[in-house]
Each structure stands twice: as C-alpha cells, then as structure tokens.
Amino acid sequence: MSDTKTHDSGSGSGLEQTRRLGVETTGIEIIEESDRTARPRDLFWPWFAANVSVFGISYGSFVLGFGISFRQALVVSVVGIVVSFALCGIIAIAGKRGSAPTMVLSRAAFGVNGQKVPGVVSWLVSIGWETFLAILAVLATATIFDQLGWASGNGTKVVATLVVAALIVSASVAGYHVIMRLQSWLTWITGIATVVYVLLTLDEIDWSSVGSVPDGSVQQMVGALVMVMTGFGLGWINIAADWSRYQRRDASGSAIVGWNTFGGAIAPVLLVVFGLLLAGSSQTLSAGIVADPVGMLGTLLPTWFLVPFLLAAILALVSGAVLGIYSSGLTLLSLGVRIPRPAAAGVDGTILTLGTIWVVFFAQDFLGPFQSFLITLGVPLAAWAGIMIADIALRKRDYDEEALFDPAGRYGSVDWTSIATMVGASVVGWGLVVNNFAADASWNNWQGFLIEPLGLGTYVDDPMGAYWDGPWAYANLGVLLALVLGFVVTYVARRPTVRRQES
C-alpha cells in the first residue's frame, strides 16, 4: 500500500490523541468508527463561520459590475450561492461514505495514482485562495488603522501579517476538533458584528438609486452567475468532504447536503443582497470596493465601531483561510508527501505567510496576475467537480476504504477515462472564458480561443487596451460547460466501471 490506512491499534483513537496532545494527528487515513460521532447539523458551524465575512457584502459591487439591475442581481446571487453550496453538499456525501479527505475519495474516480492530477490543481487553488484571504485581512487592518489615525505604513502591515499568519497556522495545525470548536465561537462573534454593521449602515441605502439601475442582458446575468458560483460554493468544493468525514455512517445523505447548503449559503445570501443595496446606492462606494473591498466598507462606519468591525472582518477572513489551509495540508499528504498532518498544515501555512509578505510588501504588480492564475485553475476544478458528482451519483455503496490506498485494488492505479474527461473539459472550458486581467496578466490572454470561432465575441486589439466585444464574451461559459461536461461524460462513460467496482 502507498499510504497508512488506520492508526496503530495501540495508539488510541484520533479524538483521544487530540484531547491528550491538543493537536489532531489523524492525516489522510480512514477515520476510526469510534471517532465518527458528528451529526449533519454539526456541518452548519464550519460552513457558516467561513462564509459570514463582511467581505460577502463586497460581492454586491462585483455583481452589479456586470451591468445588470438590482432585481436581476438578486436572482443571480440567490441562485448562484444556493446551487453552488448544494454542489458542495453532494461532494460532502462522499465524506460520510468513505470517512477520508476529499482528494483521497476522488481516487475512486481517478485511480489511486491518477488522483494526483486533480490533487495538484486542488492544492494550488487552496493555497492561492487562502493566501488571497490573508492578504485581504492585512490590507483591511492597514486601512482601518489609518482611518483611526493610530498608525500607517509598513509597520502596521508587518504586525498585521504576523498576527493573521499566526492565527491561521496555529488553528490549522491544531486540526479538526479544535477548528470545529473555533468555528462555533467565530460564528457568534462575526455574526453579531455583521448584524451591527448592517444596522449602522442602513441609512446609506438610497432606494430610488437602487431601483433606477437599468436591466442588463441575459448574457450579462450568466456572467454574474458564474462569478457568484465560483466565488462561493465552487471555491470550496474541492475540500467539501474534509468536514463530513467524521459523520456517523447512518447519517442521512440528504441531511448532509441540506445542512452543508444552509450553513454555507444563508450568510452570503443575506450579505450579498445588502451589498447590492449599498453598491446600487453609491457609484463611489461601488468603485472603491473593487480596490479595497473590506477597507472601503469601513468608511461607512462611525469611529467607535471601527475596531469591532476590523476584528470581525479579520476573524471571518482567518476563519475561511483556516479551513482552506487545513484541507490543503490533507491534499498535500494525498499527493504522497510523507510527513505528519500537523507538519503538512505548517508547510502550507508557511507558504501562505511568505505569499502574503511578498504581495503586501514587495510585489509591484501581482494581485491582478495572481487572481488571473486562480481563475484559470477554476476551470479544471469545475471539471473535476462534475466528474466527482457523477461518480457519487453512480455509486450505491460505501467506498472500499482499503482500495483507496492500494493501486492494485478495485479502483486501480489510473482511470484514463476520468483523466481524459478532465483534460478535455478543461481545454473546452478555457476556450470559453476570458482573462479579466488582460493588462496585468498578458501571458493568460490565450484563453477564449473558442469565442471567435463560435461567433460568441470578437477580440479587439485597441491601443488603449485590448478587450472582447460581443454579448457572450464575458459570460465565462467555460466554467459551467466544464462542470456539465465532466458530469455528463462521466455519468455515461464510467457507469460500467462503477458497476464492476461495486460488484
């Protein structure tokens, strides 16, 4: 076998070790039956805490930026958020069936060694997005401190970077049980602060301005929908089963989907709707949010609430980053890196810290290219999600846990059908998305190569700045198409394979 399947029977359960050491030692191995005590409703806490960030309010500006009206944006936001987290809930069912991390469970679809292809993509996405959250936390701290007149410049950023990195790394190293308790506390802290923020800024809403925003086209709505789905549920989908692997075997699959969806979606829906109202009321605020999402929101507050707002914003961003770094550590182990789980989380936390320092202090032009890189990875991640969801839908039994760690087992070493499906869906997907950071990341302008041949848009090489012209050019259909292709091809082509594996 390539990995260790279970604990040494004499070492005690993972939960007992956590209580004794204060750190979860369980890595990618199968969770022991004695430790599988979680209930579906327990999933509410990590998903809610990670998504109750005031950063969600900023999405109101991003959605309206597609040129659609408030009512259109309302439909797009609710549908995009709920559906994307429901897809996470489906992936979470795999955690209950196999009690292993998401990327280990995807070995059933890709093969024990073939899983390394989506595993690398997942690891890069997790590291990238959580670094982005840490960067936002540091920049927000610098902005609020400057507003308060306390301090400004690099000194403030250094302290903020050290504090944010320490919180993220220490919690992710501690592991599942500590994180679950931490998330329940953060839920109350950030939830209450967010409610107060909404109450204090209600008078900023100009209903006449909101209602006067004109309708956009269907294509613009699709583009906004893809952005919302990618920014919320699809951004978490590669780690969804990591938090359900401690569920009891008799837990209801529908309950897991329901609590996952409710916990992940309820706060973003409310926050984005409020953000739509704020952004629709002020063009100045909407434009400022694009440059500094969290800091700009703080400019609407009275001075006495800036410190609580800052703490809530940082804790919410840290909460999301903790989940990501914990899971990226598990993904690193699934790729064959032989180190303890706390060390894997520490390695990824160190990378996050160095990335944050580089962007905040040294990079002259990094944020745009960085986001372009992450969005590019969103296409193969969507393809993987479609494949994984189809694989889960085809299976009628729990996973063969032994075979998940054995290339000679029923899941095999490499499933070339899944690999080819992911590669093909990704290529087609990249052909139908455009680089939103063309000026900052010109090396990514190869995307969208199918738009002109299919008559969906035209590339205009304007001396003042190249852009795409056409109703479908910025709809980013490639993400949805990669997801759908991954699902349909897998559901049809791998049905006999799954039947043979389960026979």
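Predicted model: local features only at pLDDT ≥ 70, side-chain atom pairs only at ≥ 80, totals over all residues.
## Before we start

Residues are numbered from 1 along each chain as its sequence is written, and side-chain values use heavy atoms, with hydrogens and water left out.

Helices and strands here are DSSP runs (H or I of at least four residues for helices, E of at least two for strands), numbered from the N terminus.

Two packed helices are described by the angle between their axes and the distance between the axes. Axes are lines fitted to C-alpha atoms, for helices over the stretch in contact, and angles run from 0 to 180 degrees between N-to-C directions. As for the words used, angles under 35 degrees count as roughly parallel, over 145 as roughly antiparallel, 65 to 115 as roughly perpendicular and the rest as oblique.

Take helix α19 (residues 416-430) and helix α20 (residues 477-493): their axes sit 8 Å apart, at an angle of about 155 degrees. That makes α19 and α20 roughly antiparallel to each other. Their crossing is right-handed (a crossing is left-handed if the near helix is turned anticlockwise from the far one by less than a right angle, and right-handed if clockwise). On the α19 side, the contact is made by T417, T421, A425, V428 and G429, while α20 brings G478, L481, A482, L485, G486, V489, T490 and A493. Contact means heavy atoms within 4.5 Å. The residues of this contact split into 7 nonpolar, 6 polar and no charged; Ala, Val, Leu, Ile, Met, Phe, Trp, Tyr, Cys and Pro count as nonpolar, Asp, Glu, Lys and Arg as charged, and the others, Gly among them, as polar.

Helix α8 (residues 154-174) packs with α7 at an angle of about 140 degrees, and their axes are 9 Å apart. The two are therefore oblique to each other, and they cross in a right-handed way. From α7, the residues A134, A137, V138, T141, A142 and F145 meet T156, K157, A160, T161, V164 and I168 of α8. That contact holds 8 nonpolar residues, 3 polar and 1 charged.

The side chain of S122 makes a polar contact of 2.7 Å with that of N238. A polar contact is a pair of N or O atoms within 3.5 Å; within protein, one must be able to donate a hydrogen and the other to accept it, and residues adjacent in sequence count only if both atoms are side-chain atoms. Beyond its neighbours within four places in sequence, S122 touches M103, N238 and T331.

## Helix α17 and its partners

Helix α16 (residues 306-334) packs with α17 at about 115 degrees, with 8 Å between the axes, and the crossing is right-handed. I325, Y326, S328, G329, L330, L332 and L333 of α16 meet R341, A344, A345, V347, D348, G349 and L352 of α17. By type, the residues of this contact are 9 nonpolar, 3 polar and 2 charged.

Apart from neighbours within four places in sequence, V360 is in contact with I135, V138 and K157.

Most residues other than glycine have a negative phi. S99, in the loop between α4 (70-98) and α5 (102-105), has a positive phi near 45 degrees and is buried at 0% relative accessibility. N476, in the loop between β2 (467-469) and α20, has a positive phi of about 50 degrees and is buried at 12%.

Q72 lies in helix α4 and is buried at 10% relative accessibility. A polar atom of the Q72 side chain lies 3.1 Å from the backbone nitrogen of S69. Not counting residues up to four places away in sequence, Q72 touches D215, G216 and M221.

Notes
Buried < 20%, exposed > 50% of the residue type's maximum accessible area, 1.4 Å probe, protein only.
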